[in-house]
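I opened my notebook to go through this one piece by piece. Here is what I looked up, in the order I looked.

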Amino acid sequence: MTLAIVLAAGPAAGGATEGGEALGDRLAAQWRRAGADDVRVAADLAELADLVAGATGPVLVSGVDLVAHTAVLRHLATSPVGPTVALVLTDPPAAGQATVREERGQVVAVGDDADATGVFGGALRVGAADLPALADAARAAAAGGPLGAVDRLVAALAARGPLIFAHRVRLLVAHRVGDAAGRVAAEAAVAAVDEDRAELRLSVKERDDFFTTFFVSTWSPHVAKAAARIGLGPSGVTLFSVLFAVAAAVLFGVGGRPALVAGGVLLYLGFVLDCVDGQLARYTRHFSAWGGWLDTMADRFKEYVVYAGLGFGATHAGFRYGWALALAAMTLQTVRHMTDTWYGALHDEAARRPKVVTGDAGGLGGKLNAASTRVQADTGSVSYWLKRTVVFPIGERWALIAVAAALFGPLVALCAVLVWGTLAFAYTGALRTLRARWMKVPVLTTVDAGLHRDDGPLTRTLPTTRRPLVTALVGAVAAAALLVWALWAVHDGRDLPSWGVIVAMVLLLGAAQGSRAPHAGALDWLVPAALRAAEYLFAIAVGVAGRAPAWLIFAYVLVLTLHHYDLTARLEKRQSAPPLHGATLGWEGRSLLLAIGLVAGIVSITLATIGAYLLVVFVASVVLAWVVLPARARGGATSPG
């Protein structure tokens, strides 16, 4: 149940609208329309603390001086960015109002006027986990101070450490008013808002990639509006986008100019639907953890199924290594995504730390960080769009695949993806490494490193090393060397010697020794990506050495990527481990079984068995996480016992 509290304290407490309605009563009515289940008015912070102490769900708080469109309050109440969110305005701060500083969407400081990026908007949503901190902050702020009551509250809450995200107002209207004239002007601005038009424009991301911005988002919001009218939900749109991508993959595999052109068109339309599902969620304010997880998983599944279609098509057209290119593209993209996820976590952690801790702004990393900030702020410039395009985001990838496959065929499409992807990986990797060394933030000490490394039970039996990145890189290099050796041996018609597999496996297991070590190095955010590369390359090497069908190797690695993207999606959504994660054997356990299968001469059987087992565990874990356990939780919540 969501509780909304209007804090009727301060100079505006006794104010009224032009129609004579008390400001507190108007805000209470707006919170009800915004979706609050229960609305209370608190005379002061002490009373607010008592109300928060009895709450069991999210709490919405607003000061009585806020004049806002109801949609602003609804957006704050339904914001998917985090459990605790504060409204941030660009208005000049008035007396008694708290300034805020934000980085990467987080409120990292309150009351720091020197580096302020906005002013607190007088409203916030606090997640259930942060309610004890909110109650404690209310009691501490009740003693008074130079700021207004709601401003003292948010400052005290920020001082207690909860992660607070910023919610900016775009196109809609929200102002904090201190006198009758300001209130009348704000009310007039609210009344002038065309809500549906604003909501439709707000459904589009404020910043997106070049292709998406100019070739999709110019018309996709109208598709989102049509979907809303017929009652189609975001998850339904996601499933339709999957069907379009699968159909495109089939056409790419069939080959022939008409099929390739049709596949390119379907791939483009599938990407449009991929954008529409998020736009529909924002337009209707229907967000869910399931929808966010499904969207993340579907994006990767669609892309990799298309790689499979291109690999099959290239092979069918007479190129011997079509599946090898598809495998390379999938492995490259997955490793890139792992670095993206962990670098994002690193940057978020750096933003929350005092600037004196994050390094010398005069160093190379600091200069790169400052340059990147300037470019990102110069929206619409050539440098801005070039920076967003050169990193090869999903819109550009799908556009390149569609055009290259339609005009030149699957082989050219795969080669183009690999070349651009490799250059983008080198560019982002080099810059991020320099910036990470400057930030000096032990990011992996803030999360469950063992979970997101995907370590299994075997790691608990091995000794611990203090250099997890070094051992992970050694394992990845050993796996890459084994793959090169396997390709050479198969090309010459020879078998890979068993001792070579054993040596590579020993070096690979060395990476497991870093599982229990603190991942506190400046570059330890690269560890999960290195482990993904090590496992995938080792599996491919074993498959090649054992002469397993190329499609089987691809299918096995595809299942691995689904498992790992599940972990990544949970990290990004701040969720716990999958219910059956302990049954996945860990990357080192799966690799050891593959090595045994190669030595025993049953590689294809081993790949198929482990892959099928992991897929069953993945599906069962999904059902448990999103169907069974939530149903039990709802049943427990409604049970009289």
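**Entry 1: a cut-off before I start.** I call a residue buried under 20% relative accessible area, exposed over 50%, and partly exposed in between. I also remind myself that this is a predicted model.

Entry 2: Trp 293 comes out at 4%, so I count Trp 293 as buried. The two rings form a stacked aromatic pair, with 5.5 Å from centre to centre and 25° between the planes. Why are Trp 290 and Trp 293 separated by about one helical turn? They are three residues apart in helix α12, which covers residues 289-316.

**Entry 3: the other aromatics.** I found 20 aromatic pairs in the structure. I picked out Phe 271 and Trp 398, whose ring centres are 5.9 Å apart with the planes at 45°, so I noted the pair as tilted.

**Entry 4: charges over rings.** Next I checked arginines against rings. The charged end of Arg 300 sits over the ring of Tyr 565, at 5.9 Å from the ring centre. Arg 494 places its charged end over the ring of Trp 488, also 5.9 Å from the centre.

**Entry 5: around His 337.** Arg 300 and Tyr 565 came up again when I turned to His 337, which touches Arg 300, Tyr 304, Arg 397 and Tyr 565, leaving aside residues up to four places away in sequence. I located His 337 in helix α13, residues 322-351. With a relative accessible area of 13%, His 337 is buried.

**Entry 6: α9 against α11.** Back to α11, this time for its packing. Helix α9 (residues 220-229) and α11 have axes that come within 8 Å and cross at roughly 60°. That angle makes α9 oblique to α11, and I logged the crossing as right-handed. Which residues make the contact? From α9 I listed Ser 220, Pro 221, Val 223, Ala 224, Lys 225, Ala 227 and Ala 228. On the α11 side they are Val 272, Val 276, Gln 279, Leu 280, Tyr 283 and Thr 284.

**Entry 7: α1 against α3.** Helix α1 (residues 23-33) packs on helix α3 (residues 70-78) at an angle of about 55°, and their axes are 9 Å apart. So α1 is oblique to α3, and α1 passes α3 in a right-handed crossing. Leu 27, Gln 30, Trp 31 and Arg 33 of α1 meet Thr 70, Leu 73 and Leu 76 of α3.

**Entry 8: how covered is α5?** Helix α5 (residues 149-159) is mostly covered, with eight of its eleven residues buried. I wrote them down as Ala 149, Val 150, Asp 151, Arg 152, Leu 153, Val 154, Ala 156 and Leu 157. Gly 161 follows α5 and has a positive phi, near 95°.

Entry 9: I noted Leu 171, with a positive phi near 70°. Leu 171 lies in the loop between β9 (165-168) and β10 (174-176), and its relative accessible area of 37% makes it partly exposed. Arg 285 also has a positive phi, near 60°. Its place is the loop between α11 and α12, and at 14% relative accessibility Arg 285 counts as buried.

Entry 10: Last, I checked Ile 502, in helix α20 (residues 498-510). At 49% relative accessibility, Ile 502 counts as partly exposed. Ile 502 and Ala 595 are 93 residues apart in sequence, yet their C-alpha atoms are 7.5 Å apart in space.

Note on methods. Residues are numbered from 1 along each chain as its sequence is written. This is a predicted model: local features need pLDDT of at least 70, side-chain atom pairs count only at pLDDT 80 or more; totals for chains, interfaces and linings use all residues. Side-chain values use heavy atoms; hydrogens and water are left out. Rings of Phe, Tyr and Trp (its six-membered ring) pair if their centres lie within 6.5 Å; planes under 30 degrees apart count as stacked, over 60 as edge-to-face and the rest as tilted. Helices (H or I, at least four residues) and strands (E, at least two) are DSSP runs, numbered from the N terminus. Buried means under 20% relative accessible area, exposed over 50%, partly exposed in between (1.4 Å probe, protein chains only). A charge sits over a ring if NZ of Lys or CZ of Arg is within 6 Å of the ring centre and within 35 degrees of the ring normal. Axes are lines fitted to C-alpha atoms, for helices over the stretch in contact, and angles run from 0 to 180 degrees between N-to-C directions. Angles under 35 degrees count as roughly parallel, over 145 as roughly antiparallel, 65 to 115 as roughly perpendicular and the rest as oblique. A crossing is left-handed if the near helix is turned anticlockwise from the far one by less than a right angle, and right-handed if clockwise. Contact means heavy atoms within 4.5 Å.
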